[in-house]
Amino acid sequence: MVRLIQNENMKIYRRVGTWVMLGLIMVAVLVAAIFTNLDGNEEKTDWRTDTEAAIQHSEETLKNSKGMPKSIKNMEERSIAINEYRLTNDIPPLESDSLWSFMDDSTGIVSLISIFTIIIGAGIIASEYSWGTIKLLLIRPATRTKILASKFIATLLFALLSLVTLYISSFIIGGIFLGFGAVDQPYLTYSGGEVSETSMAVHYIIEYALASVNLLMMVTFAFMLSSIFRSSSLAIGLAIFLMFTGSQLTFLLGQYDWVKYILFANTDLSVYFDGSPITESMTLGFSVVTLLVYLIIFLLLSWLLFTKRDVAA
């Protein structure tokens with residue numbers, strides 16, 4: 001199995017396009033840092049005054065909370081508790097031109113990584129058929145299941161490498177352009193009615209992981225399409241189209257309770273930590289189980305079509 005994964009990695013990283021993709025990730029981070037640095041010359045305001053105003057606004061919102069969804073009330077209560085903790089412990093909020101704010105903005109580049117990984121995942125099976133190398137691969141003693149698994153694992157390893165590249169380059173480039181002054185600033189979390197401090201670096205690792213849920217699902221979807229139709233262009237096109245339109249479609253259907261069973265209503269797990277789900281009946285456990293069901297279905301269809309279908313002579 002290890003050798004099969006090594007073989008798939010060799011195929012991936014021998015392509016110039018793979019290194020171009022990794023390079024584009026760092027270029028995207030560099031461009032974002034340049035623009036953030038240019039926009040960072042805005043006049044600074046007194047954060048204490050702004051925080052007190054935010055507390056007052058949240059308190060007024062709660063006073064007029066009749067008929068307000070519980071999720072909104074919880075957000076306002078969370079905002080009050082965190083802002084009061086900031087004032088008491090003299091912890092200013094992150095400035096827009098700080099290193100950690102830049103790290104937060106860099107999570108948007110995960111969408112670019114999703115596109116690159118979809119291209120890799122969609123082509124890793126379909127290219128074997130288009131190049132005619134699938135026959136050479138299947139005559140090996142390894143089972144089709146192991147071959148398919150090695151391809152999927154190699155795709156995920158590329159995604160992991162891309163995410164690590166994004167995280168490290170964002171930290172280094174962001175620090176060079178914006179400074180490392182706020183590197184020891186804590187992240188404030190609110191749970192069980194209490195505010196606590198956690199490491200900002202660990203927090204953004206979690207943020208990157210949450211942002212990667214949609215990446216995992218869409219890459220697996222593209223992997224399935226590649227196995228079913230043996231066409232990388234179809235898999236890439238459909239996966240990228242759904243990646244960008246799925247959330248909008250879910251929002252339009254938000255009035256219906258059954259929308260919670262749609263894949264794209266569950267891919268953004270960050271709403272359970274900083275926001276509210278599309279319907280109040282949804283929970284973190286429900287979304288995780290729903291995602292696992294979709295993942296199993298995608299992988300099962302990939303396995304069935306790849307292992308049971310004959311290869312034309």
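Modeller: Let's start with the ring cluster: Trp100, Phe171, Phe180 and Tyr204 are linked into one by ring pairs. Keep in mind that this is a predicted model, where local features need pLDDT of at least 70 and side-chain atom pairs need 80 or more, while totals for chains, interfaces and linings use all residues. Residues are numbered from 1 along each chain as its sequence is written, and side-chain values use heavy atoms, leaving out hydrogens and water.

Rings of Phe, Tyr and Trp (its six-membered ring) pair when their centres lie within 6.5 Å; planes under 30 degrees apart are stacked, over 60 edge-to-face, and the rest tilted. That rule gives 10 aromatic pairs here. Take Trp100 and Phe171: their ring centres are 5.9 Å apart and their planes meet at 50°, so this pair is tilted. Trp100 belongs to helix H5 (residues 99-106) and Phe171 to helix H8 (residues 144-178), so the pair ties together parts that are 71 residues apart in sequence. (Helices are DSSP runs of H or I with at least four residues, strands are runs of E with at least two, and both are numbered from the N terminus.)

How covered up are these two? Trp100, at 1% relative accessibility, counts as buried, while Phe171, at 25%, counts as partly exposed. (Buried is under 20% relative accessible area, exposed is over 50%, and partly exposed is in between, using a 1.4 Å probe and protein chains only.)

Now hop over to another pair, Tyr261 and Phe286. This one is edge-to-face, with 5.6 Å from centre to centre and 70° between the planes. Tyr261 sits in the loop between helix H11 (232-252) and helix H12 (284-308), whereas Phe286 is in helix H12, so to speak a link between distant parts of the chain, 25 residues apart. Tyr261 is partly exposed at 47% relative accessibility, and Phe286 is partly exposed at 22%.

Ser150 counts as buried, at 0% relative accessibility. Setting aside neighbours within four places in sequence, Ser150 is in contact (heavy atoms within 4.5 Å) with Met1, Leu4, Ile5 and Glu8.

Then there's a strand pair. Strand E1 (residues 187-191) and strand E2 (residues 194-198) pair in the antiparallel sense over five bridges; DSSP has to find at least two bridges for strands to pair. Thr189 has Ser196 in E2 as its bridge partner. Together E1 and E2 make a hairpin with two residues between them, and Gly192 in the turn has a positive phi of about 65°.

Finally, zoom out. The protein chain has 12 helices and two strands, running α-α-α-α-α-α-α-α-β-β-α-α-α-α from the N terminus. The C-alpha trace spans about 75 × 45 × 30 Å along its principal axes. Of the 313 residues in the chain, 42% are buried. And among contacts between residues at least 6 apart in sequence, 77% join residues at least 24 apart.
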